[in-house]
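This report looks at a few side chains and what they pair with. Please have the sequence and the structure open while reading.

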Amino acid sequence: MAEVTRQGSSATVLIGEDVVASMAEDLRTELRDLVEGGVTELTLDLIQTDMLDSIGMGLLISAHNSVRDGGGGLRLVNVSPDIAGLLRSMRLENHFIIEERRDG
Amino acid sequence: MASLNDTVLSEFIEDAREHLASAESDLLEAEGGAEHAETASKILDSVRYLKGASSLFGLRGFKRLSGRMELVLELVRGEALALEKEAVDALLASVDRLGELLELEAAGDSVEPGAAEDRLEELLVLNLPMDDLNRAARTRTVSHHERELFEIAEIILDVTESGFGTLYLLRFDLIADVHRKGLTPLSLIRKMSEAGQIIDCKIDIEAVGGLADSASRNIPLYVLFASNLDKSAIAATLDIATKDLWSVQELFGNDSGGSARRSGSDGRNKESGKAILPGEGSIDVEDLDAMEKAFDLAMQGKGRGNEVSTEDEEPVSVESVTADTDSEPEETVLRDIPAAADPVSAPEPDRGGEDVEMFGKIKVDRSSPETVITLPANVTVEVAVPLRDAVLSALNRSDTVAVDMSSVERLDITMLQVLVAAQKSAGSRGKTIQRVGDISGTVDRCARMAGLDEERMRLEEIEAGLFLKA
């Protein structure tokens with residue numbers, strides 16, 4: 001499950017699995033609690049995520065919308081090349097930061 | 001974006017440097033090469049990413065110059081501009097300048113693109129006719145329900161349609177059209193990439209809501225998509241309702257203008273020779289069974305209008321053979337094909353000579369001991385009925401039918417199913433359908449992509465040589 005590191009209004013969430021329908025509700029609750037608790041700069045670490053389905057994509061967009069409304073931003077790090085390509089092809093890099101996973 | 005910290009910006013800078021290095025290397029390799037459109041397409045992906053991300057950081061000069069590069073690369077991709085030395089040099093100068101702008105603007109300086117931008121403008125002025133220059137400067141907005149979705153330069157609209165076919169606006173719902181159909185967004189993108197060219201995409205993020213809202217029930221995705229397929233073929237290939245796709249010219253209310261612009265594009269049609277397939281398409285067993293059954297019944301000569309029957313069965317209507325009552329009406333066009341296989345009610349073919357019959361563009365030649373069916377270049381759903389009639393006519397009169405597919409440049413999965421069903425049905429009656437002449441790579445590729453490899457052919461007990469190269 002997700003590991004959260006929080007520092008003031010910033011939080012990094014290490015998501016230890018694929019971001020798909022079966023886990024989306026739990027993650028949504030966790031992220032919502034963070035945002036309601038004052039987090040505006042949200043980083044999601046996708047180092048262990050190799051699959052993103054439509055529900056998962058909707059969740060990422062919801063997270064972006066929430067932190068944006070609070071004056072902050074969303075950043076995805078360690079994104080697999082496939083998922084980064086997908087998010088870019090849908091022009092989501094216009095809305096949040098997408099940092100591709102480095103080799104090794 | 002002011003609220004994002006310096007670490008994020010420096011990571012973007014590192015990422016951007018890699019993209020720029022890759023673009024530089026691609027440009028250097030491209031000069032003198034033949035695959036200009038492919039190179040431009042690859043660099044475009046990077047440039048679009050950099051342009052989008054730079055806007056998040058407020059890097060205005062960087063964004064402006066990358067936007068101009070995007071236009072030039074679009075023109076190269078659409079073959080309106082050659083990627084020769086002059087263009088390569090101008091683009092390389094822009095790549096260098098983007099690297100500088102990255103450092104300067106990230107440090108807080110306000111900087112103009114300068115000479116690099118002028119060079120791109122000069123490239124356009126020297127290489128494009130005045131009319132094209134004007135159209136490069138004018139943009140059209142693609143809107144839907146008063147929602148402005150995409151802005152596209154008029155010339156890009158033209159070169160896209162010349163190079164890739166008709167430009168469409170597609171609307172998907174990532175929940176209903178993707179998730180509930182067991183697909184992922186990535187598989188959808190791959191499927192679209194195989195059926196045409198994705199020009200731009202946009203998710204309606206406002207429709208999704210925030211974390212405090214319940215999980216979104218719809219995630220609208222709009223796609224500007226160019227393809228040589230017509231609407232019904234796109235609907236079938238991408239499994240999308242025709243109500244969710246529009247030709248862009250239709251949206252502009254400018255059909256005559258669109259047709260006029262497309263009229264000179266045939267010679268540059270890059271899609272010719274490409275197999276038209278659903279992205280992860282494979283032969284549908286139920287459809288195949290239905291087609292085979294329809295062929296069986298038709299070959300028994302029991303057809304009665306739209307009804308066919310066997311001695312042991314109740315009369316079976318067209319609809320009941322291929323029942324799919326939940327389908328959109330337009331999808332039934334494909335599914336009705338096998339059940340309508342009825343030689344008795346088939347229209348009288350044109351006579352092309354004593355031993356030759358023409359079924360549309362399909363020729364059936366009985367001048368030699370074996371009947372030869374010659375297929376035209378395009379064997380797509382539009383020729384479904386003539387193909388069915390031609391095969392049935394040939395099988396009804398000969399024990400051995402040869403199919404000549406040497407001219408086939410485009411073949412879709414439905415037509416492949418028609419041929420396989422005919423082959424199976426014929427085989428069960430001791431008749432043979434075999435290939436004559438060479439086979440194009442398109443047919444072989446189409447068959448393999450549809451899952452018809454040697455092993456599957458063996459299991460289906462059909463002759464692999466009809467569709468696969470040895």
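## Side-chain contacts and salt bridges

The side chains of T371(B) and S398(B) make a polar contact at 2.4 Å. A polar contact is a pair of N or O atoms within 3.5 Å; within protein, one must be able to donate a hydrogen and the other to accept it, and residues adjacent in sequence count only if both atoms are side-chain atoms. This is a predicted model, in which local features need pLDDT of at least 70 and side-chain atom pairs count only at pLDDT 80 or more, while totals for chains, interfaces and linings use all residues. Residues are numbered from 1 along each chain as its sequence is written, chains are lettered from A and ligands numbered from 1 in the order in which they are written, and side-chain values use heavy atoms, with hydrogens and water left out.

T371(B) lies in strand β12 (residues 371-374) of chain B. Helices (H or I, at least four residues) and strands (E, at least two) are DSSP runs, numbered from the N terminus. With a relative accessible area of 1%, T371(B) is buried. Buried means under 20% relative accessible area, exposed over 50%, and partly exposed in between (1.4 Å probe, protein chains only). Leaving aside residues up to four places away in sequence, T371(B) touches several residues, among them V364(B), R366(B), A394(B) and V401(B). Contact here means heavy atoms within 4.5 Å.

Side chains of opposite charge can pair when their charged atoms come close. A salt bridge is a side-chain nitrogen of Lys or Arg within 4 Å of a carboxyl oxygen of Asp or Glu. Over all chains, the whole structure has 30 salt bridges. Three of them are listed here.

| Salt bridge | Closest N and O atoms |
|---|---|
| R88(A) with E100(A) | 2.9 Å |
| R64(B) with E112(B) | 2.9 Å |

Where do the partners R88(A) and E100(A) lie in the chain? R88(A) is in helix α3 (residues 81-89) of chain A and E100(A) is in strand β5 (residues 97-100), 12 residues apart. R88(A) is buried at 9% relative accessibility, whereas E100(A) is partly exposed at 25%.

In chain B, R64(B) belongs to helix α3 (residues 60-77), and E112(B), 48 residues away, sits in the loop between α4 (85-106) and α5 (115-127). R64(B) is partly exposed at 39%, and E112(B) is partly exposed at 49%. E117(B), in helix α5, is 53 residues from R64(B). E117(B) is buried, with a relative accessible area of 12%.
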